[in-house]
Amino acid sequence: MAVAARAHPALRWDGRVLAILDQTLLPAREHWVELEGAADTTAAIRRLAVRGAPLIGIAAAYGLAMEVARRPGPGPLAEAAALLAGARPTAVNLGRAVERVRAAALAAEPAGMAAAARAEAERIHAEEDAASAAIAAHGADWLAGRRRLVTHCNAGALATAGYGTALGVIRGAAERGKRVAVFADETRPFLQGARLTAWELVRDGIETTVITESMAAPLMRDGRIDIVVVGADRIAANGDTANKVGTYTVALVAREHRVPFYVAAPVSTIDLDTPDGGRIPIEERDGREVTHVKNIRIAPEGAKVYNPAFDVTPHALIAGIITERGIARAPYSESLAAIVGRSLASST
Ligand code: MRU
């Protein structure tokens, strides 16, 4: 089966303006929004019009590059970098990408700041594209006989450049002729699974069944799932992994039913400076995401709401972490350090 992953990129860059596919409107409408600087890019990231750890890094990198072109100089650069980096706290890719563009601009002569920032943003974009492709290739080899998968949230072309991470593995397998069957958790409250993962996979002709998170347990108990593959927003040095809220529950259920639980993520999502999951900042979002569905109130006025956007899956529940440089396995404090290319000594 030929899979047209690149037929639905989530952003386009023409060298001057960034256009994003507004993911809040999918699957009902495919509407592109043009962004021109740091403020509108930050707003788009905050409202999840553009989302997914690698993709918000890429968008923020372009957002900063566009702002430098509009308002060159170290003052506006610092201001715009702080705004973009603070848009969402959990995905490490965001702050890292912004810092790379900021440093590249600062290292250039004043007249060359905009060009340097743009070149660095384009480099980040290309690196993430290559990482997705490599994850897809590794993952497809390693998936071997396992063909019935659960995934949570959306770690696909809409969350990265190119193929995606968890969905990259699935696409890689499908491209090699494997008949994969994907069970996509709907992923309350923003429905990334039902709206986005299912949209991507159906377009690619990959068998897709949408389930609520709570349906994964009976499926696993009944022997209908071979493997779980999810993405990540930040992987701590010990392997603890932050991903969309609900991932931890899926990992617990998978352990109970002896279904291997894997994470697929680029090296840009590994954060050796964060020792464990307890130190990963978890974004809390507006309670309205929980109390309302499409502007219709479903919970009574007066009820309190708890709406963390992410949770942390402890490393002990993770069978392996698939990256573009190979698969890390326990003990993760060693394997992740080796994959990132830093010695244990220098990372402590
Ligand atoms: O809030 P979101 O939609 O940005 O959350 C996205 C996820 O949790 C993804 O699984 C993660 O960013 C990996 S994307 C390759």
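This report covers the domains, helices, single residues and backbone features of a predicted model.

## Basis of the model

Residues are numbered from 1 along each chain as its sequence is written, and side-chain values use heavy atoms, with hydrogens and water left out. Because the model is predicted, local features need pLDDT of at least 70 and side-chain atom pairs count only at pLDDT 80 or more, while totals for chains, interfaces and linings use all residues.

## Domains

The protein chain is divided into domain 1 (11-130) and domain 2 (138-347). These bounds come from an automatic or database domain assignment. The domain centres, taken over C-alpha atoms, are separated by 24 Å. Domain 1 gives 26 residues to the contact and domain 2 gives 33 residues. Contact means heavy atoms within 4.5 Å.

## Helices H2 and H3

Helix H2 spans residues 53-70 and helix H3 spans residues 74-85. Helices (H or I, at least four residues) and strands (E, at least two) are DSSP runs, numbered from the N terminus. The axes of H2 and H3 come within 10 Å and cross at roughly 160°. Axes are lines fitted to C-alpha atoms, for helices over the stretch in contact, and angles run from 0 to 180 degrees between N-to-C directions. H2 and H3 are therefore roughly antiparallel (angles under 35 degrees count as roughly parallel, over 145 as roughly antiparallel, 65 to 115 as roughly perpendicular and the rest as oblique).

On H2, the contact uses Ala60, Gly63, Leu64, Glu67 and Val68. On H3, it uses Leu77, Ala80, Ala81 and Leu84. By class, seven residues are nonpolar, one is polar and one is charged. Ala, Val, Leu, Ile, Met, Phe, Trp, Tyr, Cys and Pro count as nonpolar, Asp, Glu, Lys and Arg as charged, and the others, Gly among them, as polar.

## Buried sites

Leucine 94 lies in helix H4 (residues 92-107). Leucine 94 is buried, with a relative accessible area of 0%. Buried means under 20% relative accessible area, exposed over 50%, partly exposed in between (1.4 Å probe, protein chains only). Beyond residues up to four places away in sequence, leucine 94 touches Ile45, Ile56, Gly57, Ala60, Leu84, Ala85, Ala87 and Arg88. Threonine 269 is 175 residues from leucine 94 along the chain, with 9.4 Å between their C-alpha atoms.

Helix H6 (residues 166-175) has nine of its 10 residues buried, so it is largely enclosed by the rest of the structure. The buried residues include Gly168, Ile170 and Arg171. Just after H6, glycine 177 has a positive phi of about 90°. Histidine 292 is in strand S12 (residues 292-293). Histidine 292 is buried at 12% relative accessible area. Apart from neighbours within four places in sequence, histidine 292 contacts Arg297 and Ile298.

## Backbone features

One runs from leucine 26 to proline 27, with omega near 5°. Proline 27 is in the loop between strands S2 (18-21) and S3 (32-35). Another runs from arginine 188 to proline 189, with omega near 0°. Proline 189 is in the loop between strand S5 (181-185) and helix H7 (192-203).

Leucine 48 is not a glycine, yet its phi is positive, near 65°. Leucine 48 sits in the loop between helix H1 (38-46) and H2, and is buried at 1% relative accessible area. Arginine 258 also has a positive phi, about 55°. Its loop joins helix H9 (247-256) and strand S10 (261-264). Arginine 258 is exposed, at 74%.
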